Each structure stands twice: as structure tokens, then as C-alpha cells.
Amino acid sequence: MATKKAAESTLYHLSPKGFWKKFREVAAINSEISSGLPIQGVHRFPPPASRPEHYSTPATKASDPAQNPYWKRDVRRTYPQLSVVTQSQLSQLLIEHSGAQAVAAPEENKSDVPVKAPEPTTLSQAIATVTSTAKVYTEDKLPPSLPTPFQRWHPKRSADAPHDPFAYFPMVLYR
């Protein structure tokens, strides 16, 4: 009873026929090695590209050219949009948000009379009214600063590098 020591190269892979078989036997170092090309019907069933139906992309709003103009899809030209706040709008916002953020208790009688909008004031008047009621910034409550991705470097003297005691320009180190 002989046992098989190696896999049969022609069992699951294509092997050359005719002239190329003879050429491979002569030219190849190991003619018994597999070609590596799998037989079509053995490993993948059904084989690739054998199905009769074809894939069709489902229709979406993006596939309709009338509803999908180029300027909406063009991400290279997404420039930042400017917004404008006038001085009267800014003064109104300052006055509204300077007071305490307390919520009043609900009232029983409701009236459908709209609340009268405050009359527009100049920006300097709004700043004067906000700063007159309370101190806006103190030593404990500083104004906001711009966020930076790095910390500012504050030089601190480090131990001196070894040098000649009579050197004209000794090296001074900072960290």
C-alpha cells in the first residue's frame, strides 16, 4: 500500500497540453509543479460572469442630472461663506445676553399681544450699558483667547554645557 506524498498537480489546476506540455517538460526545472490556474467549474460555482442578469445601479436623486448640478458636487470650490452682522444687531445681542439667564414662571393669563422689540441702539451705547451694570472682565474671568495648536515657548535657563572656564563665548542653554 503506497501512500501519496505530494498533491497531484493536475487534479485542481489546469495543465498544458500538446506542444506546451512537451516544452514544459524540457524547459521547466520542476515540471510536476502546479500551474496555479484553477479549473473553472471546480472551485467557484457558479463561475464568474456566468449569471444571465446584469447589475443596474438603483436610481436616486443624485443620478438625476436635473436635480444634481455640478456646482453642488464640486468640493474644490466650497469656499467659506461670509456672514454679516450689523452694529444694531450686535448691540441688540449684547444687551439681550448681558442680563441674568433666569427663566420666568409661567403665567396663567396669556395674551396674544406680541412683545415689543427693543428700539435699536448704537454699539457704543450697548457696550456702555453692559459694562455699567457689572464688571465684564476681572483677573479671575479673562476674555477669551484664540485657540492655538501649540503652547507658547517661555525660555527657562538650563544647566550650562561643559566648557572651558576662560572661553570667550560659553554656550548658554535654554529649555
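Which element gives the most to the lining of the largest pocket?

1. The model is predicted. In it, H5 contributes the most to the lining of the largest pocket, with four residues. The elements that supply two or more residues to this lining are H4 and H5.

2. The volume of the largest pocket is about 250 Å³. Its lining consists of Leu94, His97, Ser98, Ile127, Val130, Thr131, Thr133, Ala134, Lys135, Val136, Tyr137 and Lys141. Sorted by class, the lining residues are six nonpolar, four polar and two charged.

3. The packing of the two helices comes next. Helix H4 covers residues 87-98 and helix H5 covers residues 123-133.

4. On the H4 side, the residues in contact are Gln87, Leu90, Ser91, Leu94, Ile95 and Ser98. They meet Leu123, Ala126, Ile127, Thr129 and Val130 of H5. By class, this contact of H4 with H5 has seven nonpolar and four polar residues, and no charged ones.

5. As for aromatic side chains, the count comes to four aromatic pairs. For Phe19 and Phe23, the ring centres are 6.3 Å apart and the planes are at 25°, so this pair is stacked. Both residues of the pair, Phe19 and Phe23, sit in helix H1 (residues 19-27). Their spacing is four residues, about one turn of the helix.

Conventions
Residues numbered from 1 in each chain as written. Predicted model: local features only at pLDDT ≥ 70, side-chain atom pairs only at ≥ 80, totals over all residues. Heavy atoms only, no water. Axes fitted to C-alpha atoms, helices over the stretch in contact; angles between N-to-C directions. Contact = heavy atoms within 4.5 Å. Nonpolar A, V, L, I, M, F, W, Y, C, P; charged D, E, K, R; others polar. 1 Å grid on protein atoms, 1.4 Å probe; cavity = no way out; pocket = protein on both sides within 12 Å on 5 of 7 lines; lining within 4 Å. Points joined across faces, edges and corners; volume = space filled by probe spheres on them. Phe/Tyr/Trp six-rings, centres within 6.5 Å; stacked < 30°, edge-to-face > 60°.
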